[in-house]
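Reader: Hi! Could you walk me through this one before I set anything up?
Author: Happy to, here it is.
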Amino acid sequence: MSTPESHIHDIVGIGIGPFGLGLAALSDPLPDVDAVFLDQREEFRWHPGMMIEGATVQVPFLADLVTMADPTSRFSFLQFLKDSGRLYPFYIRESFYPLRAEFDEYCRWVAAQLDTLRWNRTVTSVTRNDDIYTVSAEVADQFGQTLRTESYRARHLILGVGTEPVLPQALQNLEAESTGPVIHTSKYLDHRDALLESGSITIVGSGQSAAEIYRDLIDEAEARDVRLDWVTRSPRFFPMEYTKLTLEMTSPEYTDHFRALPDDLREQLGREQRTLYKGISAELVDDIHDTLYRLSRGGRKLRTNLLAESELIAADHDAGTGDYALRFRNTSLDRCFDRRSGSVVSATGYKSQVPAFLAPLGDEIRLDAKGRLEVSRHYTVNDAGTIHVLNGEEHTHGVTAPDLGFGPWRASVVLSHVTGREPYPIEKAIAFQTFGVPDDGALDDGVIDDGALDATPLSTQGDFESRFDFADTDTDSESQPVDDREMSHV
């Protein structure tokens, strides 16, 4: 008789965010998958600090945990609505975009039906003996005190630890000193009252989170005579690009194309593609302008400033006044200016990290020159293809990494590796457009002198033909190394 410590699972998943939860839901009905999933939290929570009243998810309801892999799944968002008696109200509402709080409620509904989830488990180390991984985890009580240590063994690891909030260097020491409300957007709701009581608020950063917080605060800030500044180094307060041909970049074909590019070009594209998923919804941009227009009625001068092209370069706390002294640099004019603020909200995003618990595995984990996980096309980070990554591959796979709608597709690929079969059909091509050089783009001999061509193909047909060869080990060509957010649509 096996004990929990001696039992060998097919999968041990570490981290239960939407992507880990989706994989758990998709693996649940499979008879040939024995899985368990661990998370250090007490229960599922999805961005609790940003559950602003009325905020919606930026993806259609089809981008739930399972539907894009299995439209018949009992864990779909539509099934959740049916079970909760809200399917017809959602239908009459005539919006594809669920409320953020409702999407969180949906995820918790799914979690409550899965007996493979283990909460209050903090993974401390992962070791390997032959082909079996041992995951050690500390079990905590409701007060965070360690009760015991458990071990889980498995043939495959799933890394779903997600991303960590990032603060600008200038603000990191200030947050650590706890001298006042200097927070990341992930903690917004817990500090909302303190922000308004500080007398003046500066939001640093751009994107949907910054815009939602600005919109949530502006009415009350004006009513209470609290100055509210929104400062971003971006050249403008740009909307998220949401046209259909652009959305085709969340496709297997574009992922193949992006994956085959040289590292430096991927880095460049990653910066240039910010408007694909870091912008603000156009409706919210317009709503903010309409709100400012309404508040300024009668010639009232508002106590708010919106500043673009302005990068935060230094910050300090004034113990005498309790304010923060902030120095910005206008990136166009290369001129510095100072602002004082009673509190600061950092809307500067998230970043993937290499989990410390992987250290015992040593060189088995592939890292790139920047110390990031080298994620293969099939979402693995070791040569054996047994350690899989969920949403840690933006630098190698592009905009599909944090996309909620692409999560089930990636989970389908992972489960194909685990089972050796294709339990959920994996679309090989969905886009109307071609990324890179078309297969029929070769010219007849003699049409153009080869010497006049100064271009090198960025990917090969072999790359594309082998991309779903799950029977082979997970390796890439020597010229292309193998191997950072959960997002909206793109």
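Author: We can go through confidence, a strand, a helix and some salt bridges.

Reader: What average pLDDT does the protein chain have?
Author: This is a predicted model, and the protein chain averages a pLDDT of 88. At least 70 is reached by 87% of the residues.

Reader: Where does pLDDT stay under 50?
Author: Over residues 450-490. The model still has 113 contacts for that stretch beyond four places in sequence.

Reader: Good to know. Now strand β9, how many of its residues are buried?
Author: For β9, residues 200-205, the count is 6 of 6, so the strand is mostly covered; buried here means under 20% relative accessible area.

Reader: And which sense does β9 pair in with β10?
Author: The parallel sense, over 5 bridges, with β10 covering residues 227-231. Ser200 stands opposite Arg227 of β10. Between the two strands the chain passes through helix α7 (residues 208-223), and this β-α-β crossover is right-handed.

Reader: What about β9 and β15?
Author: β15 (residues 343-347) runs parallel to β9, and 5 bridges join them. There, Gly205 has Ala347 as its bridge partner.

Reader: Switching topic: is helix α1 mostly covered or mostly open?
Author: Mostly covered: 10 of the 10 residues in α1 (18-27) are buried. Among them are Phe19, Leu21, Leu23 and Leu26.

Reader: What do the buried residues of α1 pack against?
Author: Their partners include strands β1 (8-14) and β6 (146-159), along with helices α4 (100-112) and α13 (407-419).

Reader: Charges next! How many salt bridges are there?
Author: The count comes to 33. One of them joins the side chains of Asp39 and Arg41, at 3.0 Å from N to O. Asp39 is buried at 9% relative accessible area, while Arg41 is partly exposed at 27%.

Reader: Which residue forms a salt bridge with Glu311?
Author: Arg233, with the closest N and O atoms 4.0 Å apart. This pair links distant parts of the chain, 78 residues apart: Glu311 is in strand β12 (residues 310-317) and Arg233 in the loop between β10 and α8. Glu311 counts as partly exposed at 22%, and Arg233 is exposed at 59%.

Reader: And what about Asp383 and Arg366?
Author: They form a salt bridge with the closest N and O atoms 3.0 Å apart. Both lie in the loop between β16 and β17, so the pair ties together parts that are 17 residues apart in sequence. Arg366 is buried, at 11% relative accessible area.

Reader: Last one: which residues are linked in a network of salt bridges?
Author: Arg192, Asp216, Glu220 and Arg224.

How values were computed
Residues are numbered from 1 along each chain as its sequence is written. This is a predicted model: local features need pLDDT of at least 70, side-chain atom pairs count only at pLDDT 80 or more; totals for chains, interfaces and linings use all residues. Side-chain values use heavy atoms; hydrogens and water are left out. Buried means under 20% relative accessible area, exposed over 50%, partly exposed in between (1.4 Å probe, protein chains only). Helices (H or I, at least four residues) and strands (E, at least two) are DSSP runs, numbered from the N terminus. Two strands pair if DSSP finds at least two bridges between them. A crossover is right-handed if, with the strands pointing away from the viewer, the path from the first strand over the helix to the second runs clockwise. pLDDT is the predictor's confidence in each residue, from 0 to 100. Contact means heavy atoms within 4.5 Å.
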